[in-house]
Amino acid sequence: MTRYDIIQSMKQWYSAILFVVLFFFMLACNSGNKHSGYTITGKINGAENGLVKIVQTDLMGKPQKIIDSTQMLNGVFKFKNKIEHPDLYTINLGKQGNINLYLENSKIHIEASLIEKRDRFSPINATIKGSSLQDRFEAYQKEIDSIRNSQEYAELDRLNKAYNTAAREGKTEEATKLYKALEKLKHLGKKRADQVKQQQMKFIKNNGSLPIATNIMEIGFKTSRLSFDEMTKIINLFQGDAKQTRAYRVIAEQYAKIKQTQNGEKAPSFTLETNEGNALSLNDISRKYILLDFWASWCKPCRASIPHLKKNYEKYKSAGFEVLAISIDESHGNWKKAITEDQTDWIHVIDSRGIGSRESDVAKLYVVPFIPTTFLLDKEGTILAKNLKTDELDKKLEELFGY
């Protein structure tokens with residue numbers, strides 16, 4: 001081997017060693033970045049001194065679990081810790097308010113002001129830097145806001161606000177007029193909801209592994225704003241970090257329940273109290289067909305549907321048709337008063353968990369997203385149909401009874 005060959009061989013050997021060293025150095029750096037944890041610094045103008053917490057919340061913003069806490073002094077605070085998986089959390093400033101944050105293992109800085117007046121129920125409007133997930137969510141939210149705040153829907157929003165105010169203040173006559181006006185704009189509400197849903201579906205299809213995706217669709221699964229086929233399609237798009245989120249666990253649980261209340265499934269059994277004070281089980285009703293009708297005395301659409309349902313009941317009762325009205329009223333007095341006023345002689349039961357709670361046990365079992373919600377069962381308890389409209393129920397009963 002010549003001197004030149006030896007030198008070239010040594011150069012190649014040194015190059016190989018250098019490559020290996022650099023490779024492991026980069027690997028260590030990347031590993032350190034990935035697992036180094038999060039650092040959150042905050043500056044809240046006008047804030048009082050006190051405890052600041054990072055909290056995991058539920059869909060309604062109620063705290064579930066505190067994962068970190070620190071003291072805030074002169075509006076300044078700092079967190080330094082680590083999370084296993086990125087997710088949506090709340091920075092809780094006690095009575096001063098909350099800041100929603102997509103937390104990941106990175107350096108994050110938060111700035112906000114409590115000097116300006118704001119709705120105490122709304123999150124604090126903060127500037128958040130350093131979270132790539134937060135950036136992606138805010139960009140998505142701008143797209144959704146552009147749909148929701150379109151001038152096309154301004155009158156719909158105005159009427160909704162006026163109706164809610166009138167109903168809350170007990171102005172019955174005014175609320176009734178506003179409700180009738182809103183009914184004429186139902187097509188706009190559906191159009192906007194469809195546009196938002198299309199944007200959501202587009203985001204999830206392209207970003208199914210991001211934790212943002214599950215939070216975007218969580219409320220859709222909770223309120224059944226999606227068809228079962230849409231839910232099945234969406235849940236199969238989630239992967240990676242998205243499946244580690246709290247929202248995914250809620251979605252998966254809801255999906256399993258909703259799957260049990262699809263057409264062809266056996267309706268879950270239950271026992272509730274009748275308006276006469278007796279315990280009644282669904283299995284006690286031996287009729288050819290049973291319509292489960294979830295309603296409440298304060299629900300205007302529920303009460304408005306009763307006259308037509310009474311006609312069907314009178315027509316098919318002797319042939320084996322029964323209505324089991326399941327009220328989610330908080331007040332037994334209001335429930336019984338409505339039964340008397342409406343003069344409904346089908347079976348009535350009440351499904352409330354107590355004063356102050358509208359999320360009743362059986363309604364939760366059947367994943368009732370809104371009222372009225374109905375299920376048509378056969379004598380075996382098999383679900384034949386769900387939420388049939390007035391004309392659809394007419395046709396279905398004619399088909400089942402033959403007249």
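How many disulfides does the structure hold? It holds 1 disulfide, meaning a pair of cysteine sulfur atoms within 2.5 Å.

Before the details, some ground rules. This is a predicted model, where local features need pLDDT of at least 70, side-chain atom pairs count only at pLDDT 80 or more, and totals for chains, interfaces and linings use all residues. Residues are numbered from 1 along each chain as its sequence is written, and side-chain values use heavy atoms, with hydrogens and water left out.

Back to the disulfide. Cys299 is joined to Cys302, S to S 2.3 Å. The link of Cys299 and Cys302 is right-handed, with 75° about the S-S bond. Both cysteines are buried; buried means under 20% relative accessible area, exposed over 50%, partly exposed in between, with a 1.4 Å probe and protein chains only.

Now the sheet. It is open and has 7 strands, in the order S10-S9-S13-S12-S11-S14-S15, with mixed pairing. Strands (E, at least two residues) and helices (H or I, at least four) are DSSP runs, numbered from the N terminus. Two strands pair if DSSP finds at least two bridges between them. At the edges sit S10 (279-281) and S15 (383-386), each pairing on one side only.

Take one pair. S12 (residues 321-327) and S13 (residues 347-350) run parallel over 4 bridges. Ala325 stands opposite His348 in S13. Helix H12 (residues 390-401) packs on this sheet and touches S11 (289-295), S12, S14 (373-378) and S15. Contact here means heavy atoms within 4.5 Å. The direction of H12 makes about 160° with that of S11; axes are lines fitted to C-alpha atoms, for helices over the stretch in contact, and angles run from 0 to 180 degrees between N-to-C directions.

Next, the inside. A nonpolar core is a set of buried Ala, Val, Leu, Ile, Met, Phe, Trp, Tyr and Cys residues joined through side-chain atoms within 4.5 Å. The largest has 45 residues, and Leu324 is among those with the most contacts inside it. S11 gives this core its largest share, 6 residues. Leu324 touches, among others, Phe270, Leu292 and Val349, leaving aside residues up to four places away in sequence.

Last stop, a loop. Lys379 lies between S14 and S15. Why does Lys379 count as exposed? Because its relative accessibility is 61%. Its C-alpha atom is 5.6 Å from that of Tyr289, 90 residues apart along the chain.
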